[in-house]
Amino acid sequence: MARDLNKVLIIGRLGADPELRYTAAGTPVATFRVAASRQWRDPNGNLHDETEWFNIVAWNRLAEICHQYLSRGARVYIEGRLQTRTWEDAQTGQSRSRVEVVAQDMILLEQREPRTDDAPRPPRREPPPDIGDDDIPF
């Protein structure tokens, strides 16, 4: 049986510091752009350079880690999946779309200090109570 696969692997540099926001439910989401470049020579020996920009979206704890450790110019590995978002532009009424990489893993490829300018965070929910071994029915 064949399975579908939606996987993207990118190594590149951040164009700007990640922007961290929170949904109405308090879920952290970070957005940033990564540039991946390639160089090649044409048959005449001329060197060509091409850069592709990727819109990255990270959720939950990964969003907080990206905001804390990534900054403009950082070299990073991103693994995730492609997602197309569509919406109607409130000003023009036109349909818009955007292809994004929803990050599932991030590896910082350069040593950097964590940022200390943390954005204000919503209050954390209390974790569920710990269940002891005596409470497990098996």
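Author: Arg61 and Glu64 are joined by a salt bridge with an N to O distance of 3.3 Å, where a salt bridge is a side-chain nitrogen of Lys or Arg within 4 Å of a carboxyl oxygen of Asp or Glu. Both Arg61 and Glu64 belong to helix α1, residues 60-69, and they are three residues apart, about one turn of the helix; helices (H or I, at least four residues) and strands (E, at least two) are DSSP runs, numbered from the N terminus. Glu64 is buried, with a relative accessible area of 2%, whereas Arg61 is partly exposed, at 49%; here buried means under 20% relative accessible area, exposed over 50%, and partly exposed in between, with a 1.4 Å probe and protein chains only.

This is a predicted model, in which local features need pLDDT of at least 70 and side-chain atom pairs count only at pLDDT 80 or more, while totals for chains, interfaces and linings use all residues. Residues are numbered from 1 along each chain as its sequence is written, and side-chain values use heavy atoms, with hydrogens and water left out.

Helix α1 also contains Asn60, a residue other than glycine whose phi is positive, near 60°. Most residues other than glycine have a negative phi. Asn60 is partly exposed, with a relative accessible area of 42%.

By the rule given above, the count comes to eight salt bridges. One of them joins the side chains of Glu79 and Lys7, with 3.0 Å from N to O. This pair links distant parts of the chain, since Glu79 is in strand β5 (residues 75-88) and Lys7 is in the segment before β1 (8-14), 72 residues apart. Glu79 counts as buried at 18% relative accessibility, while Lys7 is partly exposed at 47%.

Arg13 and Glu110 form a salt bridge as well, their closest N and O atoms being 3.1 Å apart. Elsewhere, salt bridges that share partners join Arg85, Arg98 and Glu100 into one network.

Strand β1 also holds Ile11, which is partly exposed at 45% relative accessibility. Together with Ile107 and Leu109, Ile11 makes a nonpolar surface patch of about 250 Å². Patches are made of residues with over 30% relative accessible area and no salt bridge, with like charges joined within 9 Å and nonpolar side chains (Val, Leu, Ile, Met, Phe, Trp, Tyr) within 5 Å; the accessible areas come from the Shrake-Rupley method with a 1.4 Å probe, and for residues only the protein chains shown count as cover.

From β1 the picture extends to strand β3 (residues 28-41), with which β1 pairs in the antiparallel sense over two bridges; two strands pair if DSSP finds at least two bridges between them. Leu14 stands opposite Val34 in β3. Strand β2 (residues 19-22) is likewise antiparallel to β3, over four bridges, and there Glu19 stands opposite Thr31, while the bridge partner of Leu20 is Ala30. The hairpin that β2 and β3 form has five residues between the strands, and Gly26 in the turn has a positive phi of about 90°.

Ala30 has a further bridge partner in β4, namely Ala58. Strand β4 (residues 47-59) and β3 pair in the antiparallel sense over 13 bridges, and they form a hairpin with five residues between them, in whose turn Gly45 has a positive phi of about 90°.

As for contacts that involve rings, the charged end of Arg38 sits over the ring of Trp40, 4.2 Å from its centre; a charge sits over a ring if NZ of Lys or CZ of Arg is within 6 Å of the ring centre and within 35 degrees of the ring normal. A search of the whole structure finds zero aromatic pairs, where rings of Phe, Tyr and Trp (its six-membered ring) pair if their centres lie within 6.5 Å, planes under 30 degrees apart counting as stacked, over 60 as edge-to-face and the rest as tilted.
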